[in-house]
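Reader: I am new to this structure and would like to go through it step by step. Could you show it to me and then take my questions in turn?

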Amino acid sequence: MSFASIKSLLRSATFRLALIYMVLFSVSALVLLSFIYWSTAAYMSRQVDATIDAEITGLAERYETDGLRGLTAQVGERLSKQQPGDSTVYLLTDNNYRPLLGNINRWPQVPADTAGWVTFRLGDDVSGRVHSARARAFLVRGRYHLLVGRDMYELQSIQTLIKRTLVLGGVFTFALALLGGFMMSRSVNRRLDTINRASREIMSGNLNQRIPHRGSGDEFDQLSDNLNNMLDQIEALMDGVRRVSDNIAHDLRTPLARLRNRLESLSMQPPGDDQARREMVEQALAEADGLLGTFNALLRIARLEADARRAGFAPLELGQVLADVVELYEPVAEENRQRVELVRESEFTLVGDRDLLFQAFTNLLDNAVKYTPPEGLIRARVYAAGVSVCDSGPGVPEREKDKVFQRFYRVDSSRSTPGSGLGLSLVKAVASLHDLRVRLTDADPGLCVVLEPVAADSAPLS
Amino acid sequence: MRILIIEDDQETAGYIVKGLKEAGHAVDHAADGQTGLELGAAEPYDVLVIDRMLPQLDGLTIIERLRGAAVTTPVLILSALGEVDDRVDGLKAGGDDYLVKPFAFSELLARLEALVRRAEIEAPVTRLQVDGLEMDLLSRTVSRDGRDIDLQPREFRLLEYLMRHSGQVVTRTMLLEKVWDYHFDPQTNVIDVHISRLRSKIDKDFDTPLLHTVRGAGYVLREY
């Protein structure tokens with residue numbers, strides 16, 4: 001493993017997490033092992049002290065009953081019975097600590113504590129190991145000193161063994177935790193790395209790339225799925241944006257070119273003919289106004305779609321708005337020798353922006369008078385489940401019914417008629433702001449545009 | 001008339017000032033909100049044109065302060081913010097009309113003249129007259145040179161608005177706002193058709209036309 005990869009491992013969050021876990025684990029293991037050591041060792045020491053105490057009590061009682069003779073007999077008996085490995089220490093001295101009887105030859109030089117306990121060095125054994133003893137001193141009737149103790153060597157070896165085992169166990173635990181943390185973080189890192197690699201590739205421009213999915217359904221798979229869904233969404237949106245901007249560029253090029261032509265021919269117009277000049281300027285202005293209008297419509301649609309602000313909303317009757325639009329368009333239809341019929345079967349009230357709805361219906365009526373042939377009928381209808389505007393024009397082919405709502409989309413057969421291709425986009429944007437759905441149906445002949453609440457079932461059509 | 005323009009964009013301001021001066025008006029220009037407020041409060045203008053986004057003091061605050069100081073000069077708000085609630089905010093603050101940028105100069109001029117005229121006509125009228133054309137607002141009848149003219153209710157309201165602003169240019173957007181009471185920019189010729197219908201009723205059988213089309217701007221009702 002290179003230095004760089006160690007560095008990156010140390011930086012990784014999972015490794016740090018594993019490290020923290022490892023420290024926590026080790027500390028608890030340490031506490032547990034210390035407790036085991038402490039309770040075992042302390043128990044053994046207490047056992048030793050209790051044995052010594054019992055011995056002293058026994059010897060003191062013997063002295064009480066049988067005097068010095070009894071005591072020495074008892075000690076002597078104990079000493080003679082002692083096995084070579086036995087480790088009890090006895091020493092009886094006179095008032096001046098001169099040894100009288102025992103298996104050590106001199107009173108310990110170390111001062112005893114108030115309870116008479118003393119720990120002292122016994123000396124080395126044959127193999128050079130240092131033995132020490134724990135003993136209790138006892139003053140017999142103020143005349144003799146009795147020392148009873150135990151060689152602590154065995155006990156200390158056991159304690160050392162326990163200590164060593166525990167330390168070794170601790171080291172193993174620590175090592176295992178370290179290894180586990182390392183493995184864990186490496187496996188997590190590997191999954192994260194796949195995701196990161198895929199993300200970087202996507203960021204570098206390859207939007208078709210997707211994050212691999214292992215199929216185990218775990219959290220990483222869920223994360224991958226969510227990210228992939230998000231990417232699908234982004235890709236679809238970007239496609240939409242690209243299409244719209246392509247269309248804008250394409251569809252605004254024509255009027256801009258016309259505007260340019262007009263200005264160019266104006267600049268080449270010889271001076272003097274003021275009438276012709278004025279006409280050209282007016283044509284150029286009309287072209288510029290048309291462009292501004294298209295941009296305004298685009299902006300309005302974008303705003304309507306972007307934020308559903310409903311500041312201008314108030315309760316209104318849709319039939320009234322539709323009636324106003326029909327009234328506005330009646331003279332136009334009359335001029336085209338078309339008939340307009342308004343049917344208000346029932347009231348349709350909603351909370352909305354009457355200006356926006358008026359504009360949406362204006363676009364619908366505008367289309368209707370544009371595409372209905374002379375003597376044709378335009379029907380506007382308000383019923384309980386919605387509003388419809390039907391013309392008797394050429395209609396829209398089934399396969400193009402979804403597309404007509406796209407900005408700048410125009411049915412091929414209508415390309416020659418004036419229009420921006422934004423009318424139905426705006427209708428749709430206004431409708432969705434009001435939780436209405438726009439549906440196109442056939443009127444045989446002609447087209448029906450139906451606005452109905454999103455939740456409603458398909459409404460009957462006349 | 002005397003007009004104050006409070007607008008920080010030099011190009012827009014220059015364009016408005018030049019146009020209004022050519023139309024025969026006296027125009028002052030303030031490039032920031034503070035100067036604008038001081039001028040507007042001190043000088044007797046006929047109408048103020050105030051941009052919404054201004055350095056130092058924004059347009060709505062200027063209007064609120066002016067109204068607070070009992071200055072009742074009509075105000076036209078000029079703004080790039082064109083949503084319904086922006087318009088409502090502007091009118092609530094004390095503005096009298098609202099025009100969204102970009103705008104046609106003819107639209108601005110027409111609206112300014114309408115604002116000043118509205119401020120002048122304070123007394124309620126019951127009769128309107130332009131040359132031989134007479135309108136009785138009580139009996140809701142119209143006649144020209146003594147001959148009754150039969151109008152639909154909407155045509156009546158259209159003519160009433162034109163007569164109240166006779167001699168001034170009114171734009172299609174103004175008509176849609178005032179006669180139909182809907183606020184939006186009509187992209188179609190639908191208003192023209194209503195005007196030509198009205199024209200056929202009031203002008204057709206008479207020697208001198210009263211209702212004229214002003215190319216690139218709108219319409220005007222006048223005696224010559």
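Predicted model: local features only at pLDDT ≥ 70, side-chain atom pairs only at ≥ 80, totals over all residues.

Reader: Which residue of β7(B) stands opposite Gln129(B)?

Author: Strand β6, residues 127-130 of chain B, is joined to β7(B) by 4 bridges, and the two run antiparallel. They form a hairpin with 2 residues between them, and Asp131(B) in that turn has a positive phi of about 55 degrees. The residue of β7(B) that stands opposite Gln129(B) is Glu134(B).

Reader: Which residues make up the uncovered face of strand β7 of chain B?

Author: In a regular strand, side chains alternate between the two faces of the sheet. Strand β7, residues 133-136 of chain B, has Leu133(B) and Met135(B) on its covered face. The uncovered face is made up of Glu134(B) and Asp136(B).

Reader: Which residue in the turn between β7(B) and β8(B) has a positive phi?

Author: β7(B) is joined by 4 bridges to strand β8, residues 141-144 of chain B, and these two run antiparallel. Asp136(B) stands opposite Thr141(B) in β8(B). The two strands form a hairpin with 4 residues between them, and the residue in the turn with a positive phi, of about 55 degrees, is Arg140(B).

Reader: What stands opposite Val142(B) in β9(B)?

Author: The pairing to look at is that of β8(B) with β9(B), which run antiparallel and are joined by 3 bridges. Within β9(B), the residue opposite Val142(B) is Ile149(B).

Reader: Is α6(B) roughly parallel or roughly perpendicular to α8(B)?

Author: Helix α6, residues 153-164 of chain B, packs against helix α8, residues 190-202 of chain B, at an angle of about 85 degrees, with their axes 11 Å apart. Angles of 65 to 115 degrees count as roughly perpendicular. The angle therefore makes the arrangement of α6(B) to α8(B) roughly perpendicular.

Reader: How many of the residues in the contact of α6(B) with α8(B) are charged?

Author: On the side of α6(B) the contact is made by Glu155(B), Leu158(B) and Leu159(B), and on the side of α8(B) by His194(B), Arg197(B), Leu198(B), Lys201(B) and Ile202(B). Divided by class, these residues include 4 nonpolar and 1 polar, and the number that are charged is 3.

Reader: How are α2(B) and α3(B) oriented to each other, roughly parallel or roughly antiparallel?

Author: Helix α2, residues 33-42, and helix α3, residues 59-68, both of chain B, pack at an angle of about 25 degrees, with their axes 10 Å apart. Angles under 35 degrees count as roughly parallel. The two helices α2(B) and α3(B) are therefore roughly parallel.

Reader: Which residues of α3(B) make the contact with α2(B)?

Author: The crossing of the two helices α2(B) and α3(B) is right-handed. From α2(B) the contact takes Gly33(B), Gly36(B), Leu37(B), Gly40(B) and Ala41(B), while from α3(B) it takes Ile62(B), Arg65(B) and Leu66(B).

Reader: Which element supplies the largest share of the side of chain B that touches chain A?

Author: The contact takes 19 residues from chain B and 21 residues from chain A. On the side of chain B that touches chain A, α4 and α8 of chain B each supply at least two residues. By class that side has 8 nonpolar, 5 polar and 6 charged residues. The largest share, 4 residues, comes from α8(B).

Reader: Turning to chain A, is Arg260(A) buried or exposed?

Author: Arg260(A) is found in helix α4, residues 219-268 of chain A. Because Arg260(A) has 12 other C-beta atoms within 10 Å, it is exposed.

Definitions and conventions
Residues numbered from 1 in each chain as written. Chains lettered and ligands numbered in written order. Axes fitted to C-alpha atoms, helices over the stretch in contact; angles between N-to-C directions. Parallel < 35°, antiparallel > 145°, perpendicular 65-115°, else oblique. Left-handed = near helix turned anticlockwise from the far one by under 90°. Contact = placed C-beta atoms within 7 Å. Buried ≥ 20, exposed ≤ 12 C-beta atoms within 10 Å, placed from the backbone. Pairing = 2+ DSSP bridges. Nonpolar A, V, L, I, M, F, W, Y, C, P; charged D, E, K, R; others polar.
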